Amino acid sequence: MAKGIMIIVEQRNLQIRKVSLELLSEARKIADQTGESVVAVVLGQGIDELAPTLAASGADKVIVIDDAKLAEYSTGAYTSVLNKIIRKEEPQAVLLGNTAAGKDLAPRLAQRLGVGLASDCTGMEIDSANFLTFKRPIYAGKAFAHLTSNVRPIMATIRPNTFPVTPPDAARQAEVVKEVADIDAADLTAILKEVAVAASKRPELTEANIIVSGGRGMKGPENYSILEDLADVIGAAVGASRAAVDSGWKEHKYQVGQTGKTVAPTLYIACGISGAIQHLAGMGSSKFIVAINKDPEANIFNVADYGIVGDLFEIVPLLTEEFKKLVNE
Amino acid sequence: MNIVVFIKQTFDTEAKIVLDASGKIDANGVNLIINPYDEYAIEEGIRLKEKHGGEVTVVSMGGSRAQEAVRTALAMGADKGVLVSDPGLENTDEFGRAQILAKVVADIPHDIILAGRIAIDDGASQIAVRLAEALSIPSVSSVIKLEVAGTQATATREIDGGTELIEVSFPAVFTAQKGLNDPRYPSVAGIMKAKKKPLKSLTLADLGFGAGDLKMVINQYSLPTPRKAGRKIDGEPAQAASELAKLLREEAKVL
Ligand SMILES: Cc1cc2nc3c(=O)[nH]c(=O)nc-3n(C[C@H](O)[C@H](O)[C@H](O)COP(=O)(O)OP(=O)(O)OC[C@H]3O[C@@H](n4cnc5c(N)ncnc54)[C@H](O)[C@@H]3O)c2cc1C
Ligand SMILES: Cc1cc2nc3c(=O)[nH]c(=O)nc-3n(C[C@H](O)[C@H](O)[C@H](O)COP(=O)(O)OP(=O)(O)OC[C@H]3O[C@@H](n4cnc5c(N)ncnc54)[C@H](O)[C@@H]3O)c2cc1C
C-alpha cells in the first residue's frame with residue numbers, strides 16, 4: 001500500500017531551504033484533507049537537529065540520513081540513498097523543490113524508479129479521487145499543462161514561491177527515524193572537487209519575495225547601485241534583462257526570462273525594461289508587477305499593476321527614500 | 001573522441017501559443033528553431049572535436065521538420081545526423097523518450113554526450129538526466145565550463161548562488177548552460193557541405209519500440225489569464241514615488 005506524501009528536504013549548512021518549508025506546509029494541508037501522512041526526508045552530515053524544525057513545519061515522520069558522503073549534494077549518492085528509501089516507504093507522492101539540486105536529482109530518481117515526473121510545477125491539487133494533480137507552465141509560462149500519473153509514486157518538482165509557508169508549530173511532534181546511507185559504489189563515479197558559493201546578503205533570485213530588476217535603461221553596470229540600494233531597504237533580490245546581461249553589465253545568473261531564471265515573487269519591480277515577450281515569460285506570474293519606464297508606450301505597462309512613466313534615475317532613489325520611511329514606521 | 005549531441009527543435013521564443021480545436025498546443029504556422037541551449041551543446045561538441053579529434057553525431061527526435069535542425073547542426077560542423085521520427089512519438093512522456101534516446105545512443109560510439117540544460121518548450125529539464133540514468137552513466141547538469149583531459153572531464157556547473165567543480169570519467173552526459181561558449185553561425189561552405197553529410201532516419205520500430213508506456217497523463221492544457229494593464233501613477237516624480245509606496249503598502253499589501 002502506497003502511503004504518505006514524501007518531501008525531499010534540501011538543506012545547506014543546516015539551513016533548510018525555504019522551498020522545502022513551502023512544500024511541507026502545502027503537503028500538510030493536503031494530508032489533513034486526505035488523512036495521509038507527511039514524511040520529510042533529509043540528507044546531509046550532522047543534521048540531527050533539523051528534525052524538530054521539520055516536525056514543527058508539518059512532518060508526521062522525519063527520516064534522517066546522516067553521512068559524511070552526503071555532506072554536499074551529489075547526483076549519484078543522493079539517488080542511491082533515496083531510491084532505496086522510496087522503495088521501502090512506498091509513498092504516494094515524492095515532492096522536491098525545483099532548485100539546482102532538485103532539477104538534477106528528480107529526473108534521475110524518477111528514471112531509476114520507473115515513474116513519471118512533473119517538473120517545475122506551479123500548482124498542486126487533489127482531485128475527487130484524492131489523486132494529486134499538478135499544473136506546470138510550458139512554453140515559459142505562455143501555457144499550462146495539467147497532469148497526473150497512475151503510477152506510484154507520482155513525483156514532482158515544485159517551483160519556489162508557489163506555496164506560502166505556514167508558521168511552525170513547536171508543539172507538533174514527529175516520529176524520527178535514522179536510516180544508514182546505503183550508497184552503491186557504481187553511483188560514486190562523479191567526484192565533487194569544489195563548491196564555490198558566493199556569499200550574498202541578498203536572497204536567491206528564484207526564492208526572493210521581492211525582485212528589483214534593471215534592463216537596458218540602466219545605461220551601465222555602475223548604475224545598478226541605485227537598484228541595490230532600493231533592494232536592500234526591502235530585502236529584495238536584484239535581477240536583470242537579457243539586454244543588460246548581453247551588454248556585460250550583469251552576469252547571466254541574474255537574467256530573468258525565457259532563457260534565464262523564471263521567477264514568481266510577490267513583487268517584481270521592472271526598471272528600464274521594455275517588456276519583451278521573452279522577459280515576460282520569466283516574470284509574468286509575479287503577484288504584483290511595478291514598472292518604471294520613461295516610454296509610456298512600453299509593453300511592460302500592459303502587464304504592470306502599477307506604473308510610473310518617468311526617468312528611473314530620478315524615480316528609483318525617491319522610491320528608496322519612501323520605502324525607508326515605510327520600513328522605519 | 002566520440003561525441004553525441006542531442007538537439008530538440010522548439011518553437012521560436014517570439015511564438016504566441018494558442019490551443020487547437022482539440023485543446024492541444026497548436027504548432028501550425030509556428031517558426032521553429034533549435035532549442036537555444038542545444039546550440040551551446042553543438043558548439044561544445046564541435047570545439048571538442050577540433051581540439052581532440054573524433055566525430056560529432058547529432059541526434060534529434062521529432063517531426064519531419066526536425067531535419068532542418070539537424071542540417072543546421074551539420075552545417076555548423078557536426079559530422080553525422082540521426083533523426084528519430086515516428087507518429088508514435090506523439091504521446092510519449094519523458095520516461096519513454098529517454099528510453100528511446102538511450103537506445104539510439106547505444107548504437108553510436110560515445111565518450112561524451114551533450115544536451116541542453118532545458119528545452120524552452122516543455123521545459124522539463126528531464127531528458128538528458130533520465131537518458132544518463134537509462135545508460136547507467138554519470139551526468140553533470142547546467143555546465144558552464146568543460147575541460148577534457150584523456151578519458152576524464154572536469155566540469156564547472158551552476159548551482160543556486162554559486163558553482164561546483166565536478167570530475168567524471170567517460171562516458172558521461174553534460175547539459176549546457178548559457179556561458180559555456182558562443183555558438184558559431186553556419187558558414188556558406190558549411191551549409192553546402194552539410195547537404196552531403198549522412199543523415200539517418202529511424203522509426204520506433206527500427207529501434208524495437210512498440211506502443212508507449214506512459215507514466216504521466218496530461219489531463220488538459222490551458223492558457224494563462226492575460227494580465228491587465230493596471231494603474232499608471234501620474235504627477236511629479238516625488239509625488240508619484242510616494243503614491244506608489246502607499247499603494248504597495250495599503251492596496252497590494254506587499255510591503
Ligand atoms: C531566443 C531569445 C531568448 C531571449 N531570452 C530573454 C530572456 O531570458 N530575458 C530577457 O530579458 N530577454 C530575453 N530576450 C531578449 C528580448 O527579446 C529583449 O531584447 C530584451 O528583453 C530587452 O531588454 P530590455 O527591456 O532591458 O531592453 P530594451 O528593450 O532596450 O528596453 C529598455 C527600456 O528602458 C527604457 N528606458 C531607457 N532609459 C530609461 C530611463 N532613464 N528611465 C526609465 N526607463 C528608461 C526604455 O524606454 C525601454 O523601454 C531573448 C531574445 C531571444 C531572441
Ligand atoms: C503524458 C505526456 C504526453 C506527451 N505527449 C507528447 C506528444 O504527443 N507530443 C510531443 O511533442 N510531446 C509530448 N509530450 C512531451 C514530451 O514528453 C517532451 O517534449 C519530451 O519529454 C521532452 O522534454 P522537454 O522538452 O521538457 O526536454 P528537456 O528535458 O527540457 O530537454 C533537455 C535536453 O534534452 C534534449 N532533448 C529533449 N528532447 C529531445 C528530443 N526530442 N530529441 C533530441 N534531444 C532532446 C535536448 O538536448 C534538450 O536541450 C508528452 C508529455 C507527457 C508527460
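**The model.** I am working with a predicted model.

**Around ligand 2.** I looked up which residues surround ligand 2, and the shell holds 27 of them. Among the closest I noted Lys8(B), Asp38(B) and Asn91(B). Asp122(B) and Ala124(B) also belong to that closest group.

I then sorted the shell by residue type. I found 11 nonpolar residues, 8 polar ones and 8 charged ones.

**Where the shell comes from.** I checked the helices and strands of chain B next. The strands β1 (2-7), β4 (55-61) and β6 (112-116) each supply at least two residues of the shell, and so does the helix α3 (94-106). Which element gives the most? I found that β4(B) does, with 3 residues.

**Backbone contacts.** I looked for polar backbone atoms facing oxygen atoms of ligand 2. For Ala124(B), I read a distance of 2.7 Å to a ligand oxygen. For Phe6(B), a backbone N or O atom lies 2.8 Å from an oxygen of ligand 2. For Ile127(B), the distance from a polar backbone atom to a ligand oxygen is 2.8 Å. I also looked up the cover: ligand 2 taken alone exposes 940 Å², and the protein buries 91% of that.

**Cysteines.** I turned to disulfides last. A disulfide is a covalent bond between the sulfur atoms of two cysteines. I asked how many disulfides there are over all chains. The count is 0.

Are Cys121(A) and Cys271(A) buried or exposed? Cys121(A) is buried, because its relative accessible area is 0% and the limit is under 20%. Cys271(A) is buried too, with a relative accessible area of 0%.

Methods: Residues are numbered from 1 along each chain as its sequence is written. Chains are lettered from A and ligands numbered from 1 in the order in which they are written. This is a predicted model: local features need pLDDT of at least 70, side-chain atom pairs count only at pLDDT 80 or more; totals for chains, interfaces and linings use all residues. Side-chain values use heavy atoms; hydrogens and water are left out. A residue is near a molecule or strand if one of its heavy atoms lies within 4 Å of it. A polar contact is a pair of N or O atoms within 3.5 Å; within protein, one must be able to donate a hydrogen and the other to accept it, and residues adjacent in sequence count only if both atoms are side-chain atoms. Accessible areas come from the Shrake-Rupley method with a 1.4 Å probe; for residues, only the protein chains shown count as cover. Helices (H or I, at least four residues) and strands (E, at least two) are DSSP runs, numbered from the N terminus. Ala, Val, Leu, Ile, Met, Phe, Trp, Tyr, Cys and Pro count as nonpolar, Asp, Glu, Lys and Arg as charged, and the others, Gly among them, as polar. A disulfide is a pair of cysteine sulfur atoms within 2.5 Å. Buried means under 20% relative accessible area, exposed over 50%, partly exposed in between (1.4 Å probe, protein chains only).
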